[in-house]
Amino acid sequence: MIQRHNFEERLRAAVVAAGFSLELEPHALASLTYAQESRVKKSVIAEHLRYSLGPDVPWSFVPSPKPRHYRTTSRRIVRNARTSSYLAFANGAPTAPSVLEPEEHGKVFAYVSEVLKDRRNAFAKVLQHVIVRGTYDEHVVIFNVHELDADIVRAARSAIAAVQQLVPSVRHAWLYVDPRRSRYYLDSDRLFSGVQQKRMTGESVWRQSVNDISFQVGVFSFSQVNLSILDTFASTVVAMADVRPGDAMADLYCGYGLFAAHVSDVASSIVAIDADATTVANARYVLQRRKARAKAIAARVTPTSLRSAIRSMDVAIIDPPYSGPDEGVIEAVGSFGPRRVVQVYCNANDVRRCTQSWKRAGYTPVSATVFDMFPGTLDIEIAVSYAKQEPTPNVTSRQPKQRSQRSGGRRS
């Protein structure tokens, strides 16, 4: 039985009902034309938002300018068999050129696949994940390894030089040491002192432009995976927030400052908060360059950190990770009484739950925009704008008292 709140289940069922076949995730819809994919998605989105927000909340759909070959972050995991090692997708399927990734990503993965065939190669023996990140013309390669010594570094340098010759747009290369062999390609835990990240070539950031604003993004920091849609994504979310001159604005889970930078010439003050110090440093960099009256704070977004960092809040944009905001954050934001709040959801299944929390905090959804941030997959990105509910006026009606009428000795 399909759960009403589960967007992925509903979309998967709708694709099959429309007569199309599903590929293995994460490329579930990659075999459809984009027109077919968009048509099915919109029908499921309409029902999902009616259930999550209510029947009267208007919404719009923003298609991806690049429906294929759009991903700016790709990864492969190393699988070890008895006699060989090979690259695979996260679901275990052997690697292959992906229609969702740029051609340059495929070339990197193809070369590393050849390196893994050499069982004597010191680098191949410790490699766990391969990540390609960046923009469409500036790439970062991150090699996740579980050990590091001089032989491994020499073998890695040789591999990186070959990758750069094959793909000249690879300008930055790093080793990431994960001794516990985590299934995640970037592990936030620090298990021992010493080398964790080793720069092999290039810088610690890449640069990208969104709506003619220049950002720098850390090679290990969060970034959206579809650069082609970011101009519309950023400008639309900011418009939904309705930032006005003189407003105090909070950008929560701010990342590298995407939204804060877009309101820096309007808001009178900005507080941007994110848990990752490196990411916050990049947000601080762009806000300083734009001469914004802003504070960029490295702290986990919690009720306590909000009360410590923020004095007033007229508008807020909240873009939490897939797991959603921490407990009490929605209520804490509501306690400041902002006029408008926009929450960005990368997990469509959270919309109903969080909306109920916003309603309890005194906010009602007024509009939604769905961004096809992940075409070819079962995922979408949703921004919902919530407005502060005006208190119902306590009007005492003054009506003349009616006298009781008697009929047959009883009140009628």
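Trainee: Is Leu-53 buried or exposed?
Mentor: Leu-53 has 5% relative accessibility, so it counts as buried. Buried means under 20% relative accessible area, exposed over 50%, partly exposed in between, with a 1.4 Å probe and protein chains only.
Trainee: What kind of model are we looking at?
Mentor: This is a predicted model: local features need pLDDT of at least 70, side-chain atom pairs count only at pLDDT 80 or more, and totals for chains, interfaces and linings use all residues. Residues are numbered from 1 along each chain as its sequence is written, and side-chain values use heavy atoms, leaving out hydrogens and water.
Trainee: Back to Leu-53. Where is Leu-53 found?
Mentor: In helix H2, residues 34-53. Helices (H or I, at least four residues) and strands (E, at least two) are DSSP runs, numbered from the N terminus.
Trainee: What does Leu-53 touch?
Mentor: Leaving aside residues up to four places away in sequence, its contacts (heavy atoms within 4.5 Å) include Val-351, Thr-355, Pro-365 and Tyr-386.
Trainee: New topic. How many aromatic pairs are there?
Mentor: Eight aromatic pairs. Rings of Phe, Tyr and Trp (its six-membered ring) pair if their centres lie within 6.5 Å; planes under 30 degrees apart count as stacked, over 60 as edge-to-face, the rest as tilted.
Trainee: Why is the pair of Phe-233 and Phe-371 edge-to-face?
Mentor: Their planes are at 85°, so the pair is edge-to-face, and the centres are 5.0 Å apart. Phe-233 lies in helix H6 (residues 230-241) and Phe-371 in strand E15 (residues 363-371), so the pair ties together parts 138 residues apart in sequence. Phe-233 is buried at 0% relative accessibility. Phe-371 is buried too, with a relative accessible area of 0%.
Trainee: What about Trp-358 and Tyr-363?
Mentor: Ring centres 5.9 Å apart, planes at 75°, so edge-to-face. Trp-358 and Tyr-363 are both buried.
Trainee: Which rings form a cluster?
Mentor: Trp-174, Tyr-176 and Phe-220, linked by ring pairs.
Trainee: Last one, the helices. Which residues of H3 meet H5?
Mentor: Lys-107, Val-108 and Tyr-111 in H3. On the H5 side they meet Ala-159, Ala-162, Val-163 and Leu-166. The residues of that contact divide into six nonpolar, no polar and one charged. Ala, Val, Leu, Ile, Met, Phe, Trp, Tyr, Cys and Pro count as nonpolar, Asp, Glu, Lys and Arg as charged, and the others, Gly among them, as polar.
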